[in-house]
Amino acid sequence: MPKSSNTAGSGPRDAGPATLARHAAAVDGLPWGDRRAFDDAARGWIASIEPPVIRDAAGTVVWDLSAYSFVDGDAPATVHPSLWRLAQLNRHHGLFKVTEGVYQVRGYDAANLTVIVGERGYVVIDPLTCVETAAAAIELVRRELGDRPVTAVIHTHCHTDHFGGVKGVVDEADVLAGRVPVVAPAGFYEHAVSENISAGVAMSRRAGFMFGGRLPRNAQGHVMIGISVGVASGKRTLIRPTHEITATGEELVLDGVRFVFQSAPDTEAPAEMNFYLPDHRALCMAETVSHQMHNLYTPRGAPVRDAVAWSAAIDEALQLYAEKSDVMFICHQWPVWGKERIVEHLEMHRDLYRYIHDETLRLANHGHTPNEIAELVELPESLDSFWANRGCYGSTSHNTKAVYQRYLGWFDGNPANLNPLPPADAGRRYVDSMGGFEAVVAHAETAHTAGDDRWAAELLKHALAADPEHEAVRQLQADVFEQLGYQAESGPWRNFYLLGAQELRRGAAGGRSFHSAGADFVAGMTTEQVLDYLAIRLNGRRAGSADLRIGLELTDARPDSSEERLVLIVRHGILRHTSESSTGKPAGTLRTTRAGLADLAYGVVTLDEMLAKEVATVDGDQTELDEFLALLDNFSPAFNVVVPNQP
């Protein structure tokens, strides 16, 4: 049962009566007698890194599981009991034996590093987020299982927490020389590079809320992100795969180990795959299966995922491999053993995503809007009571809206919503119509006291839109967000609410810009992608009357490449590019490498710094190039989230 919290003062508050009531209802309604996951999470443990803290070469901590030692015992009043249960399970860490010849390192990053013992060394699956955690994981493997080389690497999909540590387990020179194959699903490299480019700053800011990295680690702050405790903060790397899997049924032998692959694109990631190990009777379901509901729409921002394709991929794996598997392991969290339980898990996840899809469209075809559907869809008891379907990461509410958006877009069909007022303008009018700020605050306080915090948040949202600096409104909204965070079963929902409360009380902190993700990602971009990002930075309003032509010569392009000599054209408020041969030579030309162009585009260096360091030259007249660069916006990684922008 939940236990009380006693924090007072201007910071975090105690759990209120409504929060306590919601948690009590959760305790009464969930299958607490099912403790199989606790046995599974501990099964096969061999050894751990103690203390569970990993540092980079400079001594900076990139991972600290010891900060979560408070996640023990009964759920505190400030954490949803289901989320607390999963947080306890996610704290298991160390090297674990999955089955003969298959091992996992868990609990030292967001994902698991899996190793399969081959004839000469180790085949590594998903080498974590960063070099430091991956190196620590493989060091633990070698310490306990023997000092053997990494003979192959497999990336199951294109999310950074599954490949960013690759240079911590393998030398890129060995990959380029053909000594170590790197296997990934078709489209992996392009998606790995491109996912965070165009909207990278916005996505990074929102990811800070979703994963809650700036929250304190305690029962009134960060407990976990849902699918894992957190995400490591070290150096992220990328190596281009040497072999791509394009179809289900493709087989490879890597270091004497037989793999049978299942292609699963457009499921949890645009490029993803599962695989079966016939000699081990082991099935790897990557991240298409997990121990909680996943996101069809991720709050950090990304294209909506295909619920039908996801459900179908799970069903295909069920039909192809489940009957001949003794264990199913995944790339987050712990395995499941036994054919019956594997079948159960796959069926439950398959039907979860299909149910959400079908119910959403059934209700949409009755004319219901996204917000209405989110309130109406409830999982049947058979799905809802299965622990691995609980909404500790994704949520039924957001997933129904994702399905609606995929088919029908953002507009709900109501003419009143065709052309709504912007938030700041609407907020001022709402406040005026309700009798002013004091009246709005009074109504919100009444709702908050009654435990109607969703309504209180709505009222205060309009008040903050009218006056973002109104201190009484900021503090009350922080209190409201805090209770909603305490009530949330979803880790991302909790983190969004609690970081929103923190920013209202203390202000926003700066985030990291795109280029800090690592040179490998910049190197992987095409010239087209770099120029597209420059086009996004161009302030169209200020550039509306500009008419500029700037030459661009990439000194490291192939002589026969169409990228060798380009002309950048600014006209009608947009940037486009074409070949020099089609337009004639411009008055001035920037000469640099593609990496130099990327550094300029992403604000790593200024043009003056590039010229001073002799990594760029300008041939001819520099005037139009300077005019162009002056028209580029600089993006702040700390833009407003909890209060809207003012006109």
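Visitor: How many helices and strands does the protein chain have?
Guide: The protein chain has 23 helices and 21 strands, where helices (H or I, at least four residues) and strands (E, at least two) are DSSP runs numbered from the N terminus. The radius of gyration is 26 Å, close to the 26 Å of the globule rule for 647 residues, so the chain is as compact as a globular protein of that length. That radius is taken over C-alpha atoms, and the rule is 2.2 Å times the number of residues to the power 0.38.

Visitor: Where does the model come from?
Guide: This is a predicted model, in which local features need pLDDT of at least 70 and side-chain atom pairs count only at pLDDT 80 or more, while totals for chains, interfaces and linings use all residues. Residues are numbered from 1 along each chain as its sequence is written, and side-chain values use heavy atoms, with hydrogens and water left out.

Visitor: What is the order of the strands in the open sheet?
Guide: The order is E11-E12-E13-E14-E15-E16, with mixed pairing; two strands pair if DSSP finds at least two bridges between them.

Visitor: Which strands stand at the edges?
Guide: Strands E11 (251–254) and E16 (336–337) do; each has a single partner strand, so one side of each is left without a neighbour in the sheet.

Visitor: How many bridges join E15 to E16?
Guide: Two bridges join E15 (residues 327–329) to E16, and these strands run antiparallel. Val327 stands opposite Trp337 in E16.

Visitor: Changing topic, what box do the C-alpha atoms fill?
Guide: Along the principal axes, the box is roughly 75 × 75 × 50 Å.
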